[in-house]
Amino acid sequence: MRRHKRFFLIVFLGICFFISLLFLVPLTTGMDSRVKDPQKQFKDYMAFNHINGIMLVNDKKDRPIVIENNETANKSQLVKPNRLFPIASLQKIITGTAIYQLQQQKQLSWNTPLSKFYPQISGSSDISIRELMNHTSGLINNARPSEPLKNQQEQISFMLKHMKYDHLHTWDYQDVDYELLAAIISNEVNTSYNAYIKSNFAKLLNLQTIKDFSEVTKKEVPQAIGGKVDWHKVTVTTSSDFGAGNLFMSPSDYCKFVNNYVLKDPEMIKEFQEQSRHQEVHYFGGVYFKGNVIRAYGSIPGYNCCFVANYKTKKMVMLFSNNIDYFTLKRTADYLLHSYMGVGLF
């Protein structure tokens, strides 16, 4: 009995410590959605938590206000608003938006089975586009190649070779869902996924800094701080995240995309929210929903990013950092969700 009491005490203290980390800075600074000038609060938060990177806050004219915090003097490690950054899973909303466009054009529906495109995949007749969009397909693929995959054909072949089906259509966050969606986009538009994204999104918005991993050189990207992540690992990871992390974008261009293709499309957001409502986890098309707020996270070794936005008020903040881990990313996103957006965490 004494052991059980001690165990529950340790768990309780651990939870209290975690909550105190979430609210340590917000409670002392008093920052919330009523604060007139959040820039100082964000700067203070990043400095207090030693986050090397930038936050972008959109103003009333949709122009990003950039808040920087440098934890290094090494120029090769500085995150800049117009410098390429591996956006990782923040790319999923781009893929999700492209799928939505095809759905609006009646080229596919949420109920379209995966077997229409890839009948060779086990269970494909029981997996729908909807389940790929909300990570309930039952498909699993956590494999990584030893060397960077060279092109879309290699990416799709690697994905298909290492894919497994567990028959459980419950929530399971798997990149393979969006890798398949990217392949489906390519199939439907009869061009490569990257070409479609560049012609339909980048060209229309005049996005100057959006590249596939294969087009990026090491010197174009802020190097990860800490020395544990080399460029080979970055390219291996991004090459195998086709449709779910193969793109590099500048924070400014990514902010422009979300502003113009997500926050300014209430019909898409309404549809995504409706599709997420009946799920165990309120997620669809690349974003999580909580009230009027959407959020997304991107994480690969050495690089972490996120955004939180109120799709009603259009208020948004993004973070891009190259020296924090995923736990710190989630803690920061929760801080923004609670203190800036005024949304409860539980």
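**Ground rules.** I'm working with a predicted model, where local features need pLDDT of at least 70, side-chain atom pairs count only at pLDDT 80 or more, and totals for chains, interfaces and linings use all residues. Residues are numbered from 1 along each chain as its sequence is written, and side-chain values use heavy atoms, with hydrogens and water left out.

**Strand 10.** 7 of its 8 residues are buried, so strand 10 is largely enclosed by the rest of the structure; buried means under 20% relative accessible area with a 1.4 Å probe, protein chains only.

**Its partners.** I checked pairing next (at least two DSSP bridges between two strands). Strand 9, residues 287-290, pairs antiparallel with strand 10 over 3 bridges, and F289 has I294 as its bridge partner. I find 2 residues between these strands in the hairpin, with G291 at a positive phi near 65°. On to strand 11, residues 303-310: it runs antiparallel to strand 10, joined by 8 bridges, and I300 is partnered by Y303. That hairpin also has 2 residues between its strands, and G302 in the turn has a positive phi of about 95°.

**Helices 5 and 6.** I then turned to helix 5 (residues 152-162) and helix 6 (residues 175-189), whose axes come within 11 Å; helices are DSSP runs of H or I, at least four residues. In contact (heavy atoms within 4.5 Å), I see Q152, I156 and M159 of helix 5 meeting V176, E179, L180, A183 and S186 of helix 6.

Technical notes
Buried means under 20% relative accessible area, exposed over 50%, partly exposed in between (1.4 Å probe, protein chains only). Axes are lines fitted to C-alpha atoms, for helices over the stretch in contact, and angles run from 0 to 180 degrees between N-to-C directions.
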